[in-house]
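Open your viewer and get your selection tool ready.

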Amino acid sequence: MNALVVLGQWALRILRGWGHAAWFVMDLLVAMPPSLRRFDRVVAQIFAIGNRSLVIILASGMAVGLVLALQLYHTLITFGAAESLGLVVNLSLVRELGPVVTALLFAGRAGTSLTAEIGLMKAGEQIAALELMAIDPRQHVLAPRFLAGIISMPLLAILFSAIGIVGAWVVAVGLIGIDAGNFWSIQQNGVDVWRDVGNGVV
């Protein structure tokens, strides 16, 4: 009986947390249109959380592309399919790997930065001061950052995949000796903009 009570309390805590998160997201969505009137704040946040994440995104994308091409080559050569290395790397990056790794890096770099910034505002009673002046903190503080994240994340995912493909080209053409024209032509014929790239961006 005790175990059932503990399990029920745990389930209620989880559901309460999900409900609180859902209401918070709804509040943010309601606060987004008014914050668009001051788009300069959104642009400043795109620079702060998007542009400043660029170095780590590009460095990681290059490393992932280099390693992926090197590892896949040893697998593909056993089946005589080394020429399709560019296509396999491209599809792996633009469909799943690029967006997922970008999201993890973005959450690690920009998420911690935003949490610290808003936490300092809360500790310094700046949030309370905004509320006293009848300014909604969700519109003024949270919505511009939320919009900046929505705009920045797909662009960073595209850049991650693009630099990863360049890294794969360095390994395939420079180290392994695959024909450069073949490397690019197979990708051009095998990758669909909407089905593959669009799916990864979404």
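A pocket here is an open set of points on a 1 Å grid over the protein atoms alone where a 1.4 Å probe fits, with protein on both sides within 12 Å along at least five of seven lines; lining residues have an atom within 4 Å of a point. The model is predicted, so local features need pLDDT of at least 70 and side-chain atom pairs pLDDT 80 or more, while totals for chains, interfaces and linings use all residues. Residues are numbered from 1 along each chain, and side-chain values use heavy atoms, without hydrogens or water.

**Stop one: the largest pocket.** Select Phe24, Leu28, Gly111, Leu114, Thr115, Ile118, Leu142, Arg145 and Phe146, which line the largest pocket. Helices H1 (2-36), H4 (85-123) and H6 (137-176) each give two or more residues to this lining; helices are DSSP runs of H or I, at least four residues long. H4 gives the most, with four residues. The space in the pocket is about 160 Å³, a volume filled by probe spheres set on the points.

**Stop three: Ile56.** Now pick Ile56 in helix H3 (residues 54-76). Its relative accessibility is 37%, so Ile56 counts as partly exposed (between 20% and 50%, with a 1.4 Å probe and protein chains only). Finally, select Phe160: its C-alpha atom is 9.6 Å from that of Ile56, although the two residues are 104 apart along the chain.
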